Amino acid sequence: MSVDENTPVLRGCIKLPLNKEELIEVTAKAKDYAIMHGAAMRSKTSFSPDSLNFAPFVLVPSSFPRKEFEKAIVLQPIINRLMHNVAHDEEFITTTLAETIKVDEFTANLFNIYRKVLALGFTQAYSVGLLRSDYLAHVYEGCAIKQVEINTIASSFGGIATHLVPLQNFVLRELGHAEKLQRMPKNEALAGLCDGMVKAWNIYAKPESVILFIIEDISYNICDQRFHEFYIRETYPHIKVLRRTLTEVHNEGKLGQSKELLLSGNTEVAVIYFRAGYEPGHYPTQGEWDARYLMETSLAIKCPSIQYHLAGTKKVQQALAQPAVLERFINDPEEMKAVGKIFTGLYSMDDNEVGNANYEMAMRTPEKFVLKPQREGGGNNVYGLDIPDALKRMSRVERSAWILMDLIHPPLSQGYMIRPGSDVPPQIVDMVSELGIFGVVIGDADHIIHNYQAGHMLRTKLSTANEGGVAAGLGALDSPYLI
Ligand code: ADP
Ligand code: MG
Ligand code: MG
């Protein structure tokens, strides 16, 4: 990412650099603390199901503007309701995705499931949304937060983020800065998200039924998932948690007489929590698509249901950013205004007059934009000066699979990023942070019965990186120090 030399640097939590001996000592302690408290992952380069590396982390919490953090927290229940309303607006989802699904096979496959379920009628009226709304502070607007995206499927890091606060607390105490802890907001993401699943389990109301986690063949981010599982098992010991891949559900899943989802041994599933299923690679054969369809038609409460998954697509986010569209979903003018302000420019690339004008704009001033496909999980976007070539390679119809978005310019912070195998002592680097706020919303088409904000996460990347995938090695887990 091109960083303007005038980009402001946020005031840090403590004075840097640290003295070399102190830095070496506290880094070694922090790494072990991280592994021992589950701020850890499986290694991609030397994978073993029997071992963990610490997850990349930032040694001392990065600064984030307090006012903006608090704004994001207050907005979350409004955003939860917005997404719930969007997910239940069949006409809006259908028209918004109409062009996209002509060219994007993955979204089309999801949409086909949606269409079939609509035709049959929903077996289960309730959905659970475990959402994460992501923000960057934008320096050109006084560091006001701008929404990067909202995730409605597999919103991750609630577990590890919860454990990162104690890690950075430990580091600050070791460094003699215990007084700084009070500016680190408490984070109860894990409890908030898991309680959401348990509330859904209660709605299902069958004592023997279980919560099913849909997982990838290999889960690198295993701790984050296990934290959810262990929290549920320890807090609600009567609720069992199973883990299955889509392939396994295809092989052993079936529907009972009332369309209950049954796994081998006739175990009934109350709640399905998807930690996989959000990218094409998770569906290597038709079997995995059949499994998704089977689950969608079942009585189990899905997190997310197919309509929630579609509501989280980039295309829907682009459509929502238009004030006239937002009005359809938010009645209160104050709420409308507040939500409208967090959106930055989002532009359709559809093959029509508007889309073509936007195409011209992207070709003329690509440095202002990021181009996004309908994908999740990071690493799919095209940035700035790479946009014209990418667009030229597409036909006009193919562009409909993408959206264009204004680049957000976050302020810098400085600190030590600690990664497995990285230099000791670490160097001070320029970084930028992305805040994620978790939200839980449960309801059916007519009523929302639970709606709350559920903690946060901060992901920090090198300022030179376009994206900060933690597993990809460019990003690191962090928590906000409010200034
Ligand atoms: P994904 O669903 O794959 O996570 P995102 O929309 O979150 O897709 O994009 C991935 C990353 O790209 C973000 O975490 C952020 O670092 C960067 N990014 C996305 N949109 C913008 C933007 N408008 N301005 C600056 N950076 C962005
Ligand atoms: Mg996403
Ligand atoms: Mg993202």
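This is a predicted model: local features need pLDDT of at least 70, side-chain atom pairs count only at pLDDT 80 or more; totals for chains, interfaces and linings use all residues.
Biologist: How many residues surround ligand 1, and which are the closest?

Modeller: A residue joins the shell if one of its heavy atoms lies within 4 Å. Here 21 residues surround ligand 1. The closest are Lys372, Glu376, Gly378, Tyr383 and Glu434.

Biologist: Which polar side-chain atoms lie at 2.6 Å from an oxygen atom of ligand 1?

Modeller: A polar contact is a pair of N or O atoms within 3.5 Å. An N or O atom in the Lys372 side chain sits 2.6 Å from a ligand 1 oxygen. For a polar side-chain atom of Glu434, the distance to an oxygen atom of ligand 1 is also 2.6 Å. Glu376 places a polar side-chain atom 2.8 Å from a ligand oxygen.

Biologist: How much of ligand 1 does the protein bury?

Modeller: Alone, ligand 1 exposes 540 Å². The protein buries 96% of that.

Biologist: Which elements give two or more residues to the shell?

Modeller: They are β6 (144-151), β14 (369-373) and β16 (402-406). By type, the shell holds eight nonpolar, four polar and nine charged residues.

Biologist: Why does ligand 1 lie between domain 1 and domain 2?

Modeller: Because domain 1 (20-344 + 408-482) and domain 2 (345-407) both give residues to its shell.

Biologist: Turn to Tyr126. Is Tyr126 buried, partly exposed or exposed?

Modeller: Buried means under 20% relative accessible area, exposed over 50%. Tyr126 has 23%, so it counts as partly exposed. Tyr126 lies in the loop between α5 (105-120) and β5 (127-138).

Biologist: What is Tyr126 in contact with, beyond its neighbours within four places in sequence?

Modeller: Ile203, Ile301, Gly443, Asp444 and Ile449. Ala200 is 74 residues from Tyr126 along the chain, yet their C-alpha atoms are separated by 8.3 Å.

Definitions and conventions
Residues are numbered from 1 along each chain as its sequence is written. Chains are lettered from A and ligands numbered from 1 in the order in which they are written. Side-chain values use heavy atoms; hydrogens and water are left out. A polar contact is a pair of N or O atoms within 3.5 Å; within protein, one must be able to donate a hydrogen and the other to accept it, and residues adjacent in sequence count only if both atoms are side-chain atoms. Accessible areas come from the Shrake-Rupley method with a 1.4 Å probe; for residues, only the protein chains shown count as cover. Helices (H or I, at least four residues) and strands (E, at least two) are DSSP runs, numbered from the N terminus. Ala, Val, Leu, Ile, Met, Phe, Trp, Tyr, Cys and Pro count as nonpolar, Asp, Glu, Lys and Arg as charged, and the others, Gly among them, as polar. Domain bounds come from an automatic or database domain assignment. Buried means under 20% relative accessible area, exposed over 50%, partly exposed in between (1.4 Å probe, protein chains only). Contact means heavy atoms within 4.5 Å.
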